[in-house]
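Please look through the structure below together with this briefing, which is written for a reader new to it.

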Amino acid sequence: MKLSDFDFHLPDDLIATRPASPRSSARLLVAQGDQTTDSHVLHLPDFLQPGDRLVLNDTRVIPARLNGRRHRDSAQGPVSAGIEATLLDPQADATWSALIKPLKKLKVGEEIVFSDDLSATLDRFEDGQAYLRFNLSGEDFDKALEQAGAMPLPPYIAAKRPADEQDKTDYQTIWARNSGAVAAPTASLHFDDALLLALAERGVNFTHVTLHVGAGTFLPVKVEEVTTHKMHAEWGQVSPEAAAEIQATKDAGGRVIPVGTTALRLIESAARSGRIQPWEGDTDIFIYPGFQFHVTDALMTNFHLPKSTLLMLVSALMGQVRMFDLYHHAITQKYRFFSYGDASLLIP
């Protein structure tokens, strides 16, 4: 498999920069076997069956993008420089790994002031990665970050407009509860309370799992031979209760349908033995055509970037030819793409 096998042309005007409102008014492309149906997310219950189980990622996106200034005395007097930091992962030593721009303007030990309450010093560099030590921790840090930070919108949105206060609502699922992600599980952004109620009345069940989506989800694949690509690792957890619920659905003949590729990658990581088990840790599972799915029966997901690992994942589920037919249909029908775009329901 070559990277070029997963390329396609996407018109720039189909890249969504704001979500549909209300959330469930987004369009839904339903692919069931060879049948293709144009619908809307609010009609999702019509395509599901009593006893189906939706698996929802309950990670919470932190406002991980920070703008601050560093100050330094020089021979010409005090000087300062603007610094942009995007937080990535908390470390065991209480530092945060971060992307820093411009990195060359910062020295180890220097302080960056982000707000009246929040500041950090550059603790160290390791393998080209910066690590920041903040002046606050725990709830005090969370509160200050909420005030000073902006949502870490994907690069293809950030290139078109800056993040604003509305994104703090738009780029968060309504069931988010476990903080730690720097990117949203975007298929879940289509759900509102009315849709959850309609699904429950239909007899659809819900299970929550946690995968903290990392910034690596936006990193491009740089190798031409797809199978040699190394995935970024992300922390996830499938609780004993969640594993039992999912297995009970399988045993009863119901369908397990992750909402989003993050939930899918996590439950498949927990089911490499053939049956889903309680699981916790870092997963770098890479799903591409030829992958054997053990628990996933269908998938709800947005439309993905050309040459991305997520496009490879949906091709593994549906078949590469079928997926490219669906994407051609979506482009022709002007579905909106990527994180704030429309959705698809993929049923092999």
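E146 is partly exposed, with a relative accessible area of 36%, where buried means under 20% relative accessible area, exposed means over 50%, and partly exposed lies in between, with a 1.4 Å probe and protein chains only as cover. This is a predicted model, in which local features need pLDDT of at least 70 and side-chain atom pairs count only at pLDDT 80 or more, while totals for chains, interfaces and linings use all residues. Residues are numbered from 1 along each chain as its sequence is written, and side-chain values use heavy atoms, with hydrogens and water left out.

**Charged surface patch**

- E146 belongs to helix α1, which covers residues 138-148; helices (H or I, at least four residues) and strands (E, at least two) are DSSP runs, numbered from the N terminus.
- Together with E139, D140, D142 and E165, the residue E146 forms a negative surface patch.
- Such patches are made of residues with over 30% relative accessible area and no salt bridge, with like charges joined within 9 Å and nonpolar side chains (Val, Leu, Ile, Met, Phe, Trp, Tyr) within 5 Å.
- Asp and Glu count as negative and Lys and Arg as positive, whereas His and the chain ends are not counted.

**Salt bridges**

- The count comes to 18 salt bridges, a salt bridge being a side-chain nitrogen of Lys or Arg within 4 Å of a carboxyl oxygen of Asp or Glu.
- One of them joins the side chains of E225 and K2, at 3.4 Å from N to O.
- Because E225 lies in the loop between β12 (205-211) and β13 (234-238) and K2 in the segment before β1, this pair ties together parts that are 223 residues apart in sequence.
- E225 is partly exposed at a relative accessible area of 26%, and K2 is partly exposed at 39%.
- In another salt bridge, the closest N and O atoms of D52 and R255 are 2.7 Å apart.
- That pair links distant parts of the chain, 203 residues apart, with D52 in the loop between β2 (35-40) and β3 (53-57) and R255 in the loop between α5 (240-251) and β14 (256-258).
- D52 is buried, with a relative accessible area of 1%, and R255 counts as buried at 12% relative accessibility.
- D284 forms a salt bridge with K230, and their closest N and O atoms are 2.6 Å apart.
- Since D284 sits in the loop between β15 (279-283) and β16 (299-302) and K230 in the loop between β12 and β13, the pair ties together parts that are 54 residues apart in sequence.
- D284 counts as partly exposed at 34% relative accessibility, whereas K230 is exposed, with a relative accessible area of 62%.

**Aromatic pairs**

- A search of the whole structure finds 16 aromatic pairs; rings of Phe, Tyr and Trp (its six-membered ring) pair if their centres lie within 6.5 Å, and planes under 30 degrees apart count as stacked, over 60 as edge-to-face and the rest as tilted.
- W175 and F191 form an edge-to-face pair, with 5.4 Å from centre to centre and 65 degrees between the planes.
- W175 lies in the loop between α3 (167-170) and β11 (178-181) and F191 in the loop between β11 and α4 (193-202), so the pair ties together parts that are 16 residues apart in sequence.
- Both W175 and F191 are buried.
- Ring pairs also link F8, Y156, F303, F324, Y327, Y335, F337 and F338 into a cluster.

**Backbone features**

- The peptide bond from S21 to P22 is cis, with omega near 0 degrees, and P22 is found in the segment before β1 (27-32).
- The peptide bond from K101 to P102 is also cis, with omega near -15 degrees, and P102 is found in the loop between β7 (96-101) and β8 (111-113).
- A94 is not a glycine, yet has a positive phi of about 75 degrees; A94 is in the loop between β6 (77-90) and β7 and counts as exposed at 56% relative accessibility.
- K334, also not a glycine, has a positive phi of about 60 degrees; K334 lies in the loop between α8 (320-332) and β17 (343-347) and counts as exposed at 54% relative accessibility.

**A covered helix**

- Helix α6 (residues 261-269) is mostly covered, with nine of its nine residues buried, among them T261, L264 and I267.

Note on methods
Areas by Shrake-Rupley, 256 points an atom, 1.4 Å probe, with all protein chains shown as cover. Charge placed at Lys NZ, Arg CZ, Asp CG, Glu CD.
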